[in-house]
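Dear colleague,

I am handing over the structure below, and my notes on it follow. Please read them with the structure open beside you.

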Amino acid sequence: MNDYYADLGVARDATADDIKKAYRRAARKLHPDVNPGPEAEEQFKKVSQAYDVLSDAEKKRSYDMGADPYAGAGAAGFGQGFSFSDVMDAFFGAGAGAAQGRGPRSRQSRGQDALVRLDLDLVDAVFGAEKDLTIDTAVGCSTCHGEGTQPGTGTRTCDVCQGQGQVQSVQRSFLGQVMTSRPCVNCQATGQVIEAPCYECSGDGRVRTRRTLTIRVPAGVDTGTRIQLAGEGEVGPGAGPAGDLYVEVAVRRDERFQRQGDDLHATLELPMTAAALGATVPFETFDGEQELDVRAGIQSGEQIRLRGLGVTHLRGSGRGDIVVHAMVATPSKLTSEQEDLLRRLAALRGEEKPTGHIADPTDGSIFGKLRDAFKAR
Ligand SMILES: [Zn+2]
Ligand SMILES: [Zn+2]
């Protein structure tokens, strides 16, 4: 014997309302229109059969007394042949299960959102910018003002659906009388047929056009940041309200700086002599030339920070830093005079025969710093 209470997931003392709610919940989850697949379909048949018995006072009474009206019959066929919206309509009345209401649909509807890409230089991301952007979107047709009809002509009532926008039929089922309706294809569910389509827009009520917008790009944007411009997207069919325009930022690669969050990283090549002796080096930033103080004895991988000269924070105030990574350049071509000098220096420093000392990479030595510097990229 089938356990209909378990199939529907309700208690034995469930009220008619509980039973209805449980079935509705199950239909939302298991109906083949919502959940395609043999397993869900089989389960849906089971709960439909359970609902058929438990929702009928007569059948429920005899089932509660031990007689299963469907004993041995299997669950074949229950709930089949009715779309998800039909099942929902049986509970809530026409229109409840459908994506849009029944009855003629407006010829006008909201337009789609549009997405365009805007390429920026790093400097634009640092400070923000105003950019002109040419976009191609649908706008309302000025010939027919969105009506879709040739000037001087109109529309007539669709004779397939008599202006209802829907073609209906009635079916009897275990759910009761189910009204099924389908959108009318003859009039695209609008109930009205255009007699002579506008020659400018072919009856769509909108045309494509190219226009230029000035976009205010806030400081701090990065690749992937989207700027939303309400109502600047596609105008809808029948000159319906426009969707939004999304401008997706793509920041071009910069030759000197790599961005990391709002910090900008750069590598500064230093002659060995300057690294040993210390120097003041001119360094070009987005805020003009800065004096970079290089301490005597700086090692490759050491960082010099220029505070507040990085990218402006997108939200809130303040800016990131510029982080300069030192890279000491060893001279590779020496004149005989230079070589003599270096040999004398080596002798003075007792470095004629290097010992091959192995540095500990964890002690913050140059290798550790180098490694960290490259990991940061
Ligand atoms: Zn037109
Ligand atoms: Zn129609």
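Strand 14 (residues 303-306) pairs with strand 15 in the antiparallel sense over four bridges, where strands are DSSP runs of E of at least two residues and helices runs of H or I of at least four, numbered from the N terminus, and two strands pair if DSSP finds at least two bridges between them. Within this pairing, Ile-304 has Val-324 of strand 15 as its bridge partner. Strand 15 (residues 322-329) also pairs with strand 11 (residues 263-271), in the parallel sense over eight bridges, and there His-265 is partnered by Val-323.

This is a predicted model, in which local features need pLDDT of at least 70 and side-chain atom pairs count only at pLDDT 80 or more, while totals for chains, interfaces and linings use all residues. Residues are numbered from 1 along each chain as its sequence is written, chains are lettered from A and ligands numbered from 1 in the order in which they are written, and side-chain values use heavy atoms, with hydrogens and water left out.

The zinc ion (ligand 2) is coordinated at 2.3 Å by the SG atoms of Cys-158, Cys-161, Cys-184 and Cys-187 (donors are N, O and S atoms within 2.8 Å of the metal, or 3.2 Å for Na, K and Ca; water is not among the atoms, so sites may look incomplete). Cys-161 lies in the loop between strand 3 (155-157) and strand 4 (166-173), and Cys-187 in the loop between strand 5 (176-183) and strand 6 (192-194), so the pair ties together parts that are 26 residues apart in sequence.

With kind regards
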